[in-house]
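Subject: Structure handover

Hello,

Here is the structure for your files. Please look it over before reading the notes below it.

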Amino acid sequence: QVQLVESGGGLVQAGGSLRLSCAASGRTFSIDLMAWFRQAPGKERELVASITWSTGVSYYKGSVKGRFTISRDNAKNTVYLQMNSLKPEDTAVYYCAASNRGTLKYDYWGQGTQVTVSS
């Protein structure tokens with residue numbers, strides 16, 4: 001099993017920045033891919049960004065490209081999401097997720113952290 005604990009959410013004005021952290025513990029050697037999802041009220045959960053644990057190859061949702069940066073620290077088993085130039089439409093609960101090597105799904109989820117961007 002893998003446990004994921006997010007931190008770093010909060011309230012920020014439009015144009016501001018936040019950095020989310022996700023610390024993984026347990027059987028972290030089984031993880032191949034980590035990601036950040038978000039879910040706004042009344043909307044479906046959506047993938048924001050992902051990063052491969054071994055190579056650091058990343059993917060971004062189109063609307064966050066150039067504003068958000070996903071990174072990982074393998075020594076600390078932690079993945080980060082640096083969010084700059086935040087917009088009110090970025091308001092959501094942000095979830096960290098991890099995928100085991102060889103699976104085609106996200107096997108583990110964090111509890112979520114609220115990000116609120118005021119206009």
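The notes below cover the disulfide, the nonpolar core and the aromatic side chains.

This is a predicted model, in which local features need pLDDT of at least 70, side-chain atom pairs count only at pLDDT 80 or more, and totals for chains, interfaces and linings use all residues. Residues are numbered from 1 along each chain as its sequence is written, and side-chain values use heavy atoms, with hydrogens and water left out.

Disulfide

Searching the whole structure gives one disulfide (a pair of cysteine sulfur atoms within 2.5 Å). Its partners are Cys22 and Cys96, with an S to S distance of 2.0 Å. Cys22 belongs to strand β3 (residues 18-26) and Cys96 to strand β9 (residues 92-100), so the bond links distant parts of the chain, 74 residues apart (strands, E, are DSSP runs of at least two residues, numbered from the N terminus). The disulfide is left-handed because the torsion about the S-S bond of Cys22 and Cys96 is about -80°. Both Cys22 and Cys96 are buried (buried means under 20% relative accessible area, exposed over 50%, partly exposed in between, with a 1.4 Å probe and protein chains only).

Nonpolar core

The largest nonpolar core has 30 residues (a core is a set of buried Ala, Val, Leu, Ile, Met, Phe, Trp, Tyr and Cys residues joined through side-chain atoms within 4.5 Å). Leu4, Met34, Trp36, Val79, Leu81, Met83 and Tyr94 touch the most other members. At least two residues of this core come from each of β1 (2-7), β3, β4 (31-39), β5 (46-52), β7 (68-73), β8 (78-83), β9 and β11 (113-118). Beyond its neighbours within four places in sequence, Met34 has contacts (heavy atoms within 4.5 Å) that include Leu4, Val79 and both Cys22 and Cys96.

Aromatic side chains

There are three aromatic pairs in the whole structure (ring centres of Phe, Tyr and Trp, the last by its six-membered ring, within 6.5 Å; planes under 30 degrees apart are stacked, over 60 edge-to-face, the rest tilted). One of them, Phe37 with Tyr106, is edge-to-face because the centres are 5.1 Å apart and the planes are at 85°. Phe37 is in strand β4 and Tyr106 in the loop between β9 and β10 (108-109), 69 residues apart. Phe37 counts as buried at 10% relative accessibility, while Tyr106, at 21%, counts as partly exposed. Phe37, Tyr106 and Trp109 make up one aromatic cluster.

The charged end of Arg45 sits over the ring of Tyr95, 4.0 Å from its centre (NZ of Lys or CZ of Arg within 6 Å of the ring centre and within 35 degrees of the ring normal). Arg45 also lies over the face of Trp109, 4.7 Å from the ring centre.

Regards

How values were computed:
Helix = DSSP H or I, 4+ residues; strand = E, 2+ residues; numbered from the N terminus.
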